[in-house]
Amino acid sequence: MQPRIPRQAAGEQGGRRPDDTDVDARFSAELASVISGARRRAVRDGDRQIDTAHLLHSLLEYDPEARTVLGEGPRIARLLGYLVQRSIGYGLRWQAAVEDSGAVPVVTGAAGFSPLAAAALEHACARAVRRGAAGACGVDLLAALVADPQARAVEVLARAAVEPQAVLARADEHFEPTV
């Protein structure tokens, strides 16, 4: 059986991508690495699509600013523990279903992503535009991941006793100018 997630090019290995790769220019280099990591994780886990939990896991691995917004120390360890369990425990039930709450419109042109993950990427780009940034970063994506209460990333955060609204507030504060 062929995987449904597009294979990554050989040049994308290790979070690096060749100049001609069709990566959305609206993403920062760091966020492109996060997305590549989520794609590798989904393929390795045998999942049909990249979902919001894959994106959250990759953010924790690759983006120090997102980790800072989530909170350092035991909270990150607890989150990573739940995310690692997805392939051996509660995540197995996710493999048979597409992540879609029905609360957001399906985003087209995002092959390999669950509807919620594709919508989160679009939302992250919109956040970046609103703050005048050239590209969406990991903190933009983190804020977008917690926006839909039906997202698998929100379920993982809840299991680790992390309040999504508090994460959203800290993400908004992250970009406020300091006096």
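Asp140 is buried, with a relative accessibility of 0%, where buried denotes under 20% relative accessible area, exposed over 50%, and partly exposed the range in between (1.4 Å probe, protein chains only). Its salt-bridge partner is Arg131, and the closest N and O atoms of the two are 2.6 Å apart. A salt bridge here is a side-chain nitrogen of Lys or Arg within 4 Å of a carboxyl oxygen of Asp or Glu.

The structure is a predicted model, in which local features need pLDDT of at least 70 and side-chain atom pairs count only at pLDDT 80 or more, while totals for chains, interfaces and linings use all residues. Residues are numbered from 1 along each chain as its sequence is written, and side-chain values use heavy atoms, with hydrogens and water left out.

**Overall architecture**

The chain contains eight helices and zero strands, giving the pattern α-α-α-α-α-α-α-α along the sequence. Helices (H or I, at least four residues) and strands (E, at least two) are DSSP runs, numbered from the N terminus. Of the 179 residues in the chain, 46% are buried. Among contacts with a separation of 6 or more, 65% join residues 24 or more positions apart; a contact means heavy atoms within 4.5 Å. The chain exposes about 9,000 Å², of which carbon and sulfur atoms supply 53%. These areas come from the Shrake-Rupley method with a 1.4 Å probe, and for residues only the protein chains shown count as cover.

**Salt bridges**

The salt bridges number seven. The table lists some of them.

| Pair | Closest N and O atoms |
|---|---|
| Arg26 and Glu122 | 2.9 Å |
| Asp140 and Arg131 | 2.6 Å |
| Arg159 and Glu155 | 3.6 Å |

Arg26 forms a salt bridge with Glu122. Arg26 lies in the segment before helix H1 (29–45) and Glu122 in helix H5 (residues 115–130), so this pair ties together parts that are 96 residues apart in sequence. Arg26 is partly exposed, at 33% relative accessible area, and Glu122 is also partly exposed, at 32%.

The pair Arg159 and Glu155 belongs to helix H7 (residues 152–159), where the two residues are four apart and thus separated by about one helical turn. Arg159 is partly exposed with a relative accessible area of 37%, and Glu155 is partly exposed with 24%. Elsewhere, salt bridges that share partners connect Arg127, Arg131, Asp140 and Asp172 in one network.
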